[in-house]
Amino acid sequence: MSPRATILEAARSVVGAKFKWEHPLYLVHSLTARCNARCGFCAWNPEFYDPKEQLSTEAIKQLYTDARAAGFLGLSIWGGEPLLHPDFTDIARHAHELGLVTHMVTNGFLLERKMDAIVPYLDRICISLDHPSSAHDEVRGIKGLFDKIVAGTKELRRLAPKKQIVFIYTLHKNNSDVASIQQMNALMQELGALVVYNGLREETAVADPDSKISHWAASQEQLLEAFTEISAAKKRGAPILNSQTHIKMMQKGPPEYRCHWPKFMLPIEANGDVVDCMHWGTRPMANLRTMPLAEVLKLPRVHALAGAEGEACHKCVSIHRVEISEVWRGNLEPLLSWRMLGQTQQPGAC
């Protein structure tokens, strides 16, 4: 069994990357394109590929083995809905035994059913929740989803009191009011979890003015009001993971920054496509069915995205892109928020 990636190892690799970048350190893997939700603003385009084309379980395990051998430290599993994968437990166990720090993004519907895999094998759980009530069900298209999320989170907290649980609240025109944000913060305190407030993302090569995202997008006035409340609530001690750096950027408008995200993250789609993040879903760099990971890491495009070309892009509003890019350039304020991940929230604490 390989040793777990440690904070010291991560710090050493990040510092080393600053002076001699070799390749990303974190795998972002869409485990499956299948999903049981029908989110109105989902950035995923089902025309990118057929969900039946996803990698086999053995190919996925080989990818994780190769990533760890290459020096990768972490793995983020998402989808689609990753808990729908029939071999999720086997895959999560394999990643854990390799020593990869493993993170999952889920809609939460199957949380209670998958505790046998989640509790022992995952280091952090991120759950999408866009309203602190059953109004969330309408947005995601699953009846009873809110109740299942709350019940599943409480059970997870009971079974694994120190497990990192982060909720992702995607701000849109119907949930960015102050009252909803205040209720969400109260729910996080009740559940002993952290919350991230994020903007709607659009990560495809061509901006479509008629896209679903545009129909859900909050106005800049709404976002200013929302992030002003988020900033104030964080100062009052609410369990909010956003840094003040990200909050201030979102108050002003779409963030402007030099993107360093590709230096750390390598996205892989469920069919094995290696993603060019500037052309998400439309122009993959390679496919793992025909090119092993070791060769992918040598591709000129991987290096171009980690260099000046990638740095010139700041289209993504995601907190993850913004904060990791700011830390890379020397703004350490987001680290103060990241420290919260190591502090277990006590349910009901204020």
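Tutor: Two residues are in contact here if they have heavy atoms within 4.5 Å of each other. The model is predicted: local features need pLDDT of at least 70 and side-chain atom pairs pLDDT 80 or more, while totals for chains, interfaces and linings use all residues. Residues are numbered from 1 along each chain as its sequence is written, and side-chain values use heavy atoms, with hydrogens and water left out.

Student: Which residues does E229 touch, not counting residues up to four places away in sequence?

Tutor: E229 touches V178, I181, Q182 and R236 on that count. E229 belongs to helix α9; helices (H or I, at least four residues) and strands (E, at least two) are DSSP runs, numbered from the N terminus.

Student: Is E229 buried or exposed?

Tutor: Buried means under 20% relative accessible area, exposed over 50%, and partly exposed in between, using a 1.4 Å probe and protein chains only. E229 has 10% relative accessibility, so E229 counts as buried. D147, in helix α6 (residues 145-159), has 54% and therefore counts as exposed. The C-alpha atoms of D147 and S134 are 7.3 Å apart, and the two residues are 13 apart along the chain.

Student: What share of the 350 residues in the protein chain is buried?

Tutor: Buried residues make up 56% of them. The protein chain has 16 helices and nine strands. Of its contacts between residues at least 6 apart in sequence, 74% join residues at least 24 apart.

Student: How is the packing of two helices described?

Tutor: Two packed helices are described by the angle between their axes and by the distance between the axes. Axes are lines fitted to C-alpha atoms, for helices over the stretch in contact, and angles run from 0 to 180 degrees between N-to-C directions. Here α9 (residues 220-235) and α10 (residues 244-252) pack at about 155°, with axes 8 Å apart. That angle makes α9 roughly antiparallel to α10; under 35 degrees counts as roughly parallel, over 145 as roughly antiparallel, 65 to 115 as roughly perpendicular and the rest as oblique.

Student: Which residues make the contact between α9 and α10?

Tutor: From α9, they include L223, L224, F227 and I230. From α10, they include H246, I247 and M250.

Student: What is the handedness of the crossing of α9 and α10?

Tutor: A crossing is left-handed if the near helix is turned anticlockwise from the far one by less than a right angle, and right-handed if clockwise. The crossing of α9 and α10 is left-handed.

Student: At what angle do α2 and α3 pack?

Tutor: Helix α2 (residues 57-69) packs with α3 at about 15°, and their axes are 10 Å apart. That makes α2 roughly parallel to α3. Their crossing is right-handed. In α2, the residues that meet α3 include I60, Y64 and R68, and in α3 their partners include I91, H94 and L98.

Student: How many aromatic pairs does a search of the whole structure find?

Tutor: Rings of Phe, Tyr and Trp (its six-membered ring) pair if their centres lie within 6.5 Å; planes under 30 degrees apart count as stacked, over 60 as edge-to-face and the rest as tilted. The search finds three such pairs. One of them is W78 with W280, edge-to-face at 6.4 Å centre to centre and 75° between the planes. W78 is in strand β2 (residues 74-78) and W280 in the loop between β8 (273-274) and β9 (286-287), so the pair ties together parts 202 residues apart in sequence. Both W78 and W280 are buried.

Student: What lies over the face of W261?

Tutor: A charge sits over a ring if NZ of Lys or CZ of Arg is within 6 Å of the ring centre and within 35 degrees of the ring normal. R321 lies over the face of W261, 3.9 Å from the ring centre. W261 is in helix α11 (residues 261-264) and, at 4% relative accessibility, counts as buried. Beyond four places in sequence, its contacts include W280, H320 and R321. In another case, the charged end of K148 sits over the ring of F109, 5.1 Å from its centre.

Student: Where is there a cis peptide bond?

Tutor: Most peptide bonds are trans. The one from G79 to G80 is cis, with omega near 10°. G80 lies in the loop between β2 and α3 (88-98).
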